[in-house]
Amino acid sequence: MNAVGIDVSKGKSMVAALRPMGEVALLPQEFLHTEVGLEQMAYAIVALGEDTRVIMEATGRYHEPIAAALHEYGIYVCVLNPLFIKQSGGGSIRKVKTDKADAMKIAKYGLDNWVELREYTPMDTVRQQLKLCSRQYNLYMKTVVSLQNNLISLTDKTFPGVNELFSSPERADGHQKWVDFVMTFWHCDCICRVSEKAFTDRYQKWCKRKGYHFSTEKALDLYAGSCGHFTTLPKNDNTKLLITTAAQQLLAGKTTLAALRTEMTRLAKQLPEYDTVRAMYGVGETTAAQLMAEIGDVRRFPRRSSIVGFAGVDPAVDQSGKHSAKSVPTTKRGSPHLRKTLYQIVCTYLKRSPADEPVYQFLDKKRAEGKPYFVYMTAAQNKFLRIYYARVKECLEAFDARQDTVQN
């Protein structure tokens, strides 16, 4: 029985191995993250014998190529949350922080928890691409929100309330009518200094060119909405540059989001559980893809409580002796992206109040008990995840059974 601890850092890894009773099977050695370096690492681990397990921490993107490469060599790999290693203490009260000490500490944890180690399974290509798209989508969404607030702030100085004059939803390609509008009519003086008829004719041509529905009543409303404003920025080339540039940046961000949403949906539809997830109440195309991206294959979770703990929406426990806290925050140990998606879904339940849905019934029960807002919202997220786990796991097991039947 050999436990191999790997301390992964950028560009290199420190590898050490222990046997029971503290016997050192492999002194700490450093291997580079190159094709030759990973091959040497794999040969060194295989030389230890058959009953060998590799343990490493999940360190962002650094551990993924190492775990995948060793898995291809047929080596048992276990990827752990760094919190497990940190809480184990390493069996020493001394505070030593070196790559060699960390590798030995990880190997010792592997020996102490040998039975509980779970084998690493590389995420298939579709799931990996879906997760990357989802993370990029969240990143660009923050940028778009910032750019939109910036454009509204600028237009309040040239055309106050122009963003509130349109109720058209965002198109599938990311274009939004008010954003396209301010790129042409970037100052209220562009409208109010011409006649109603002249603006109506120009607005009609603009709608035809941009592919928007034209309405004479809407043109008159826009004309009326442009009159009587006191603007703080004059109608000149400098102001036009500021407004049009901000609008172009926002439009570019929105079109990028639209492209990512389309790609996420395309990837999600290739997975067998897509229809099951999509059929769940409160889950749309985007949230379905984000849920599947962040959770991954539910079969890697041995029980429902595992997926709840992974999301970090499980209540913590604070009890010692006679002390037992009644109100304890959630652990928040898991993915913040997943918690954000769950919160958005539960907000849909709260807004629409579907009386026949178990998640809403549970939420309403907690709310009736006088629980605070975030308490019953988190409880509803917990309930939703447990239902998600049961339905998706059943779907995947049925899919595997059909695949086995076809192959046989």
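This is a predicted model: local features need pLDDT of at least 70, side-chain atom pairs count only at pLDDT 80 or more; totals for chains, interfaces and linings use all residues.
Where do arginine 266 and glutamate 263 both lie, and how many residues apart are they? Both sit in helix H10, which covers residues 237-268, and they are three residues apart, about one turn of the helix.

Arginine 266 forms a salt bridge with glutamate 263, and the closest N and O atoms are 2.7 Å apart. Arginine 266 is partly exposed, with a relative accessible area of 44%.

Arginine 299 pairs with aspartate 297 in a salt bridge whose closest N and O atoms are 2.8 Å apart. Aspartate 173 is bridged to arginine 171, with 3.6 Å between the closest N and O atoms.

The table gathers the relative accessible areas of the residues in these two pairs.

| Residue | Relative accessible area | Class |
|---|---|---|
| Arginine 299 | 35% | partly exposed |
| Aspartate 297 | 21% | partly exposed |
| Aspartate 173 | 37% | partly exposed |
| Arginine 171 | 26% | partly exposed |

Aspartate 297, at 21%, counts as partly exposed because buried means under 20% relative accessible area.

Salt bridges also join up into a network here: Glu170, Lys254 and Arg261 are linked in this way. For the model as a whole, the count comes to 14 salt bridges. Among them are the pairs of arginine 266 with glutamate 263, arginine 299 with aspartate 297, and aspartate 173 with arginine 171.

Note on methods:
Residues are numbered from 1 along each chain as its sequence is written. Side-chain values use heavy atoms; hydrogens and water are left out. A salt bridge is a side-chain nitrogen of Lys or Arg within 4 Å of a carboxyl oxygen of Asp or Glu. Buried means under 20% relative accessible area, exposed over 50%, partly exposed in between (1.4 Å probe, protein chains only). Helices (H or I, at least four residues) and strands (E, at least two) are DSSP runs, numbered from the N terminus.
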